[in-house]
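Here's a quick tour for anyone meeting this one for the first time. Have a look at the sequence and the model, then read on.

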Amino acid sequence: MSSSNFYSHLTLNERIIIETGCFNGSTKKAIAETIGKDPSTVGKEIKAHRFITKKFSLPLECANYQKCAYARNCRIDCPDFKQFKCKRRDKSPGVCNGCEKYNHCRFSKYKYIAKFANNEYSSMLVETRVGFNTTCDKIKEIGTIIEPLLAKGQSLEQILLSHPEIGVSLKTLYTYVESSVFKDLGFDISAISLRRQVSRRIPKKLANVYKKREDRKYLNGRKYSDYKNYISDNPSAKIVQMDTVYNDVSNGPFIQTFLFVSYHFLFCIYHEEKTAQSMNDGVLLLEDILGPKLFQEEVEVLLTDRGSEFYRMYEIESRPDSSTRTRVFYCDPMASCQKGKLENKHEELRYILPKEHNLNELGLCNQEKMNLATSHINSSKRKKLSGKSPTELMNFLNPILFEKFKNFGITEIESDEVTLRPSLLK
């Protein structure tokens with residue numbers, strides 16, 4: 001076994017061997033010896049790219065669930081609770097491929113598919129290597145050419161036509177300028193120097209010469225394609241879409257929005273800051289409001305975007321007792337339409353909280369005011385709901401769920417009293 005092969009990336013053929021080994025019930029050590037890798041490499045590969053094909057229906061994987069004397073009301077302190085363990089799934093090889101008990105096993109099941117694993121890994125390599133493929137010397141050479149010409153009022157397009165030796169595309173050159181690459185190296189070149197800057201989007205933050213590599217491992221098994229596969233396997237799963245609404249990114253306030261898709265019901269949490277921790281706390285608050293059992297039933301799937309405030313959502317998927325709280329999935333980049341129902345709901349929220357206004361000055365100063373706005377939105381009747389409001393729909397389909405929100409402060413407003421204007425909060 002050569003050292004170069006030992007440390008190289010896994011290939012598709014090697015992943016196919018891993019999949020075959022899993023199907024045959026081979027140990028990780030045996031698979032590793034076949035492909036000339038360390039057993040830990042095989043173990044990490046399987047764990048990183050396996051995916052769940054069936055989730056156990058109860059909160060806890062109890063080996064005694066078939067003979068449960070407590071009506072399957074699973075609790076970690078149950079005297080009969082015995083953690084289910086599967087040598088093949090939990091130890092080696094780590095997945096259920098080829099297991100003879102696969103079809104009638106009712107516990108959570110995982111599979112490893114070589115093709116899917118290879119595609120997922122290739123995608124991760126692309127995403128983590130995004131940045132400027134150039135050197136400082138090349139940037140200085142380009143800056144020396146374009147600085148005096150921009151000062152004369154020439155456009156980047158004109159400069160490129162006159163100086164093909166620059167050797168980059170127009171789009172790349174715009175990216176360099178708008179990311180302050182030249183400015184960081186001492187050139188008097190900034191986004192405001194561009195003739196078309198008024199019609200181009202200005203980035204919120206100026207990037208450095210080299211874009212920092214981001215850790216996107218949290219997306220493994222949680223992309224929108226994984227979401228579609230999960231919903232295809234679990235068509236009755238209850239879905240909640242989540243996002244953040246705000247007007248001033250530096251001062252807030254920030255609104256964490258949840259849309260219970262089955263009921264068209266909007267729930268909002270008021271935040272003073274937009275951080276990953278505050279958004280995680282918002283989900284935990286929702287669980288406190290509903291209770292663990294009802295939360296798990298109604299928030300089986302949590303679909304959100306890839307905003308920086310949501311990158312730690314994977315931390316709330318499991319409870320301290322290892323039971324599943326929810327499944328988190330992320331939309332594709334720049335694809336807000338994938339949670340379009342919530343985006344449409346935001347339009348109604350904007351009737352009360354229009355953009356380009358200070359939300360505190362509009363009267364949104366605490367959770368009580370947030371509940372008031374949410375109550376009026378949810379009490380508005382909808383033609384698509386056969387003339388009913390989301391509040392009426394939830395109260396009819398799941399009165400226990402509605403009672404939980406009612407106890408928190410979401411009330412039903414008489415139809416003639418519904419107000420969707422900023423004056424509501426004054």
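**A quick briefing**

At 14% relative accessibility, Phe 187 counts as buried, where buried means under 20% relative accessible area, exposed over 50% and partly exposed in between (1.4 Å probe, protein chains only). This is a predicted model, so to speak of local features takes pLDDT of at least 70 and side-chain atom pairs count only at pLDDT 80 or more, while totals for chains, interfaces and linings use all residues. Residues are numbered from 1 along each chain as its sequence is written, and side-chain values use heavy atoms, with hydrogens and water left out.

**Aromatic rings**

- Rings of Phe, Tyr and Trp (its six-membered ring) pair if their centres lie within 6.5 Å, with planes under 30 degrees apart called stacked, over 60 edge-to-face and the rest tilted; the count comes to 18 aromatic pairs.
- Phe 182 and Phe 187 make an edge-to-face pair, because their ring centres are 6.4 Å apart and their planes at 85°.
- Phe 182 is buried too, at 0% relative accessibility.
- Ring pairs also tie Phe 258, Phe 260, Phe 265, Phe 267, Phe 405 and Phe 408 into a cluster.

**Charges over rings**

- A charge sits over a ring if NZ of Lys or CZ of Arg is within 6 Å of the ring centre and within 35 degrees of the ring normal.
- Arg 50 has its charged end over the ring of Tyr 110, 4.0 Å from the centre.
- Lys 109 does this with Tyr 102, at 4.4 Å from the ring centre.

**The whole chain**

- Of the 426 residues in the chain, 44% are buried.
- The C-alpha trace spans about 85 × 75 × 35 Å along its principal axes.
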